[in-house]
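Visitor: Can you walk me through this one? I'd like to start with the strands and then move on to the helices.

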Amino acid sequence: MLCSDLQRSTDLISELDPEEAISRLEPALIAMRTAVRRNRGIVSKEGGDGLIALFGAPRADDNHAVMACHAGIELVRRIKLLEDPKLNVRVGIHSGYVVTHVIEADFSSIYEAGGPAVHLVKRFESAANAGQVLASESCHGLANGIVTFNALPPKRMEGFAAPVPCYEVVEISGLSRWRARSASVLSSFVGRNEQISQLERAAQAVGASGKIAAVVGTAGIGKSRMVHEFVTTLRQRDWQVIEAECNPLEQAAPYALLKRLVQGALQAEGTTLANYFGTSEEPAPSHAELWPAALNSVLDEPVGDPRWRNLEPLLRRRVIIDAVRSMLDQMVSSRPTVLLLEDLHWIDSQSETVIEALMSLAASRPLLVLLTWRTEYTPAWLEGLDVVRIWLRSLDAASANVLLDNLLGTAAELDTLKARILRHTGQIPLFIEEVARQLINRRAAGEERVSWDTLEIPPTVQGVIASRIDRLPKEEKAMLQLASVLGPRVSPHLLATMTELPLAQLQSRLWSLEILDFLEEARSSPAIEYVFAHDLIREVAYESILRSQREVLHRRTLTALEATSAGREEDVAEALCHHAVKAQDWTRADRYGHLAARKAFAKSAFRDATEYFKIAMDAVDKQPESMAREQRAIDLRIEARLSFVSLGSIEEWFGLGHDGEARSRKIGDEGRRLASIAIRAAALNFYGTPYEAIAVAEEAVALANQMNSARWLAFVEYGLGQSYFLAGRYRDAERHIAKATAMLTKAPENVPPGTTGSSLLVLCYMMNAVIHAWLGEFDEAEQCSEKSAVLAETSGRPYDMIAADYGRGIVLLMRGDLEDAESALDQALRCSRESEARLFGPLIMTALGNIYAQQGHPKRATEILLQAKHEADSLGHETSKVAVPAYLGAAYAQLGDVQHGLALLRACQASARQKGYAGIEALATSAEANILASQGGHMREEAMACLERTIAFTANLEALPLLGAAKETLARLLAASSPDR
């Protein structure tokens with residue numbers, strides 16, 4: 001956008017009548033309009049002393065920032081040419097998103113633009129000095145190189161808290177697009193060996209006659225980079241190089257490309273026009289005497305020959321063609337020459353006629369004509385000529401990865417990010433570079449606050465793609481936009497349902513989009529589907545649709561998808577949910593979100609399940625308030641708990657119960673309140689303290705008994721048993737787990753919604769195995785562990801298998817069978833990571849850390865225990881956060897950092913005592929005693945005192961393995977000290 005305004009214009013016209021005022025300012029306004037329109041802008045709004053102009057709107061153009069800068073410079077120049085010292089103009093330029101719409105008046109229509117960008121460009125205009133063009137950072141980023149800028153100190157602007165970066169537009173640099181880009185650091189050139197070989201063969205074929213080669217591809221595919229890399233090798237072999245590039249701003253300028261070609265030819269020879277005409281002894285062709293005048297006119301030089309001005313227009317063009325052809329003929333006759341003409345999709349019509357005539361030189365001269373253009377343009381004048389056409393496609397995966405390695409580095413942790421970038425960009429070189437550099441720049445500016453995982457559309461790439469889309473015919477653009485609404489995969493059958501187009505017409509449009517590299521056919525049994533060439537195309541096409549229109553299109557898509565998937569909604573539940581949300585149809589978003597969540601949970605895709613449950617719950621909350629809505633909201637939370645449990649989203653799990661309980665109280669629903677309390681109690685075994693967990697679990701058990709709720713009673717008895725275990729009340733824990741086990745064995749169908757009797761029994765047997773192991777009752781522990789394993793293997797659910805393996809590992813660990821314990825826990829950890837069942841993760845890693853320490857591998861123990869701590873912190877897993885230091889302290893002591901280890905263990909004891917984790921307190925006390933005992937005589941007394949406390953404490957808990965170990969250590973100390981006593 002460009003905003004211009006005459007400074008202090010009110011002072012100029014304050015004493016004039018209306019007609020005089022208009023006459024006074026009109027020359028300046030004419031100058032402004034002319035500058036805008038000559039540079040392909042449109043005047044959006046005009047005032048008495050200034051205007052706002054749009055570039056790249058309503059039709060996108062990737063050169064919009066350069067066009068606006070050209071217009072700004074020309075505008076200031078034209079105002080100065082008026083030679084009125086009282087007319088001083090200020091210009092502001094900004095590149096940003098706007099919404100354009102047509103305003104119809106009685107006799108005309110204008111494009112109006114809206115959005116924050118309009119306000120910002122006005123601020124830049126206000127901040128400019130007289131005769132100055134001030135540009136924003138976004139404009140600078142898009143035009144730098146082609147336009148020369150002067151960086152200014154940031155300026156304070158109304159409505160912005162921080163100073164805004166500003167750049168003064170100084171001049172047009174005169175560099176071609178390629179030269180401007182290559183002036184900065186270029187990335188490595190990769191992956192075009194086959195195409196370079198084709199060009200090399202064409203060059204080798206040049207002898208007495210020449211060859212014509214064309215490199216064709218979409219924007220950003222690397223046409224210019226490849227031909228310039230190749231031309232550099234020819235220049236090193238003493239080839240003469242003549243090059244010219246079409247300019248998008250000069251498509252309406254007659255002979256614009258021809259002018260650049262003549263300038264390039266003279267520069268290549270290091271000579272002037274005078275050396276080519278008037279020196280030949282051969283008979284001059286017709287009108288040869290006018291060739292100098294013809295070439296001077298092409299170069300916009302003064303033409304003194306009056307015969308030129310009087311020449312008939314068609315004959316004048318003929319003379320220009322002959323003059324240029326003769327000049328080039330002389331240049332290319334003596335040595336191999338490459339004539340490089342780039343970006344012919346921007347060629348002006350007059351130059352096109354001349355270039356067509358020049359192609360005949362390749363038939364009889366050692367000339368390689370090398371052309372480039374985008375896929376949407378095909379030169380008709382090449383028909384019938386022998387042209388080597390080289391179509392550039394996306395880089396292969398290996399080359400694209402090499403490019404990313406050079407841009408981002410080769411660290412292994414970046415592999416996932418690189419894969420996402422390649423999918424995002426379709427492996428198009430320019431897009432890869434721009435996305436990678438945007439990430440690098442944002443990380444450099446924001447340090448660690450910006451995630452590597454955040455992929456956006458760089459403005460340069462957005463402009464290129466939007467420009468391509470806007471050049472499509474109206475019908476094909478609408479088809480592409482509709483396809484972007486459908487999603488990453490596009491079904492022709494669904495499109496046909498929505499558009500009601502005849503199949504042949506629909507297929508024709510899809511083929512056109514495929515030829516132009518917007519879509520690709522992806523065969524998937526049993527039907528054909530289309531996918532976008534890369535994610536960026538779909539994102540830009542989707543963003544080009546107004547939000548209000550998107551909602552309508554999503555609603556139409558939802559209806560069509562329901563019609564085509566009747567009876568098999570589960571197969572496309574995710575797509576139905578997506579379109580329902582985008583259409584803001586909250587009833588259907590609830591239905592399909594719930595369906596997708598159940599589908600994901602059945603596959604143990606817990607992360608997806610939680611996201612879809614969130615969508616369903618949010619959709620319910622957006623429906624009108626009613627009793628049915630509240631009941632539905634609570635029921636969703638009850639069912640969703642299992643997905644959050646499995647994923648380890650402990651705080652959200654607790655929140656489901658807390659929110660459900662509040663809603664149940666509000667509507668007076670005791671059954672749902674019981675369910676919500678049960679969920680909250682279960683979460684507190686990981687999220688709170690044993691004191692809190694026992695209090696809420698006892699409330700849940702009492703309420704379940706009071707209501708005679710068979711469905712929830714076994715569940716809450718199990719939860720209460722788990723709470724007692726954490727508190728070190730092992731006999732109470734055993735009693736309540738046994739009650740739950742008996743109920744489930746007798747009536748496995750009496751379980752909460754979303755779970756099964758067998759899965760809950762797996763947990764009961766696992767918990768009983770761990771309790772018996774702590775009590776030293778290893779026969780009973782092994783029996784329970786075996787029952788848990790059999791049930792888990794039968795169900796095949798990853799969560800069940802993790803629980804069973806964890807229980808078996810703990811039993812073996814407590815018994816001292818470290819090797820088999822490690823094997824069982826390794827298997828549990830592997831399954832946990834593969835299935836994203838994160839709840840058990842910190843517990844498993846903590847147990848493995850204990851094993852490694854006992855095996856004499858303290859460094860390995862420390863590493864996995866720190867991982868456990870990190871995972872516990874990220875999950876909010878309070879039990880593990882308290883437990884990890886009990887083992888970490890021992891590992892540090894083994895590494896020689898005894899004081900640090902003791903400090904950790906003593907802090908762990910204090911924390912466990914305060915929160916009610918008696919078992920963990922016993923572990924930490926026992927570990928402290930062992931460290932003290934290992935230090936020898938100077939700590940013997942302290943060690944024995946600590947061991948006596950451990951014996952008393954573990955005896956009270958009936959934790960026989962810990963009790964036996966403490967007694968054995970104490971006996972050893974006493975035996976070692978007996979000679980001294």
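Guide: A definition to begin with: two strands pair if DSSP finds at least two bridges between them. The model is a predicted one.

Visitor: How many bridges do E1 and E3 have, then, and in which sense do they pair?
Guide: Four bridges, in the antiparallel sense, between E1 (residues 2-6) and E3 (residues 50-54). One of the bridge partners to look at is Ile52 in E3, which goes with Cys3.

Visitor: What order do the strands of the open sheet come in?
Guide: The order is E2-E3-E1-E4-E7-E9-E8, seven strands with mixed pairing.

Visitor: Which strands stand at the edges?
Guide: Strand E2 (42-46) and strand E8 (147-155). Each has a single partner strand, so one side of each is left without a neighbour in the sheet.

Visitor: And what does the twist average?
Guide: From one strand to the next, 25°.

Visitor: How many bridges join E8 to E9?
Guide: Seven, and the two strands run antiparallel. Asn150 stands opposite Glu168 in E9.

Visitor: What about E7 and E9, how many bridges there?
Guide: Two, again with the strands running antiparallel. Glu168 in E9 is the bridge partner of Leu134.

Visitor: On to helices. Which strands does H3 lie across?
Guide: Helix H3 (residues 64-81) lies across E1, E4 (89-93), E7 (133-135), E8 and E9 (164-172). Its direction is at about 180° to E4.

Visitor: Which strands does H4 touch?
Guide: Helix H4 (residues 116-127) packs on the sheet and touches E1, E3, E4, E7, E8 and E9. The angle between the directions of H4 and E4 is about 140°.

Visitor: Which residues make the contact?
Guide: Among them are Trp653, Phe654 and Gly657 of H27, and Ile677, Ala683 and Tyr687 of H28. By class, the contact has 10 nonpolar, five polar and six charged residues.

Visitor: Last thing, the whole protein. How many helices and strands?
Guide: 42 helices and 17 strands.

Visitor: And what radius of gyration does the protein have?
Guide: The protein has 39 Å, whereas a compact globule of 981 residues would have one near 30 Å. Its C-alpha trace spans about 125 × 70 × 65 Å along the principal axes.

Terms used
Residues are numbered from 1 along each chain as its sequence is written. This is a predicted model: local features need pLDDT of at least 70, side-chain atom pairs count only at pLDDT 80 or more; totals for chains, interfaces and linings use all residues. Side-chain values use heavy atoms; hydrogens and water are left out. Axes are lines fitted to C-alpha atoms, for helices over the stretch in contact, and angles run from 0 to 180 degrees between N-to-C directions. Contact means heavy atoms within 4.5 Å. Ala, Val, Leu, Ile, Met, Phe, Trp, Tyr, Cys and Pro count as nonpolar, Asp, Glu, Lys and Arg as charged, and the others, Gly among them, as polar. The radius of gyration is taken over C-alpha atoms; the globule rule is 2.2 Å times the number of residues to the power 0.38.
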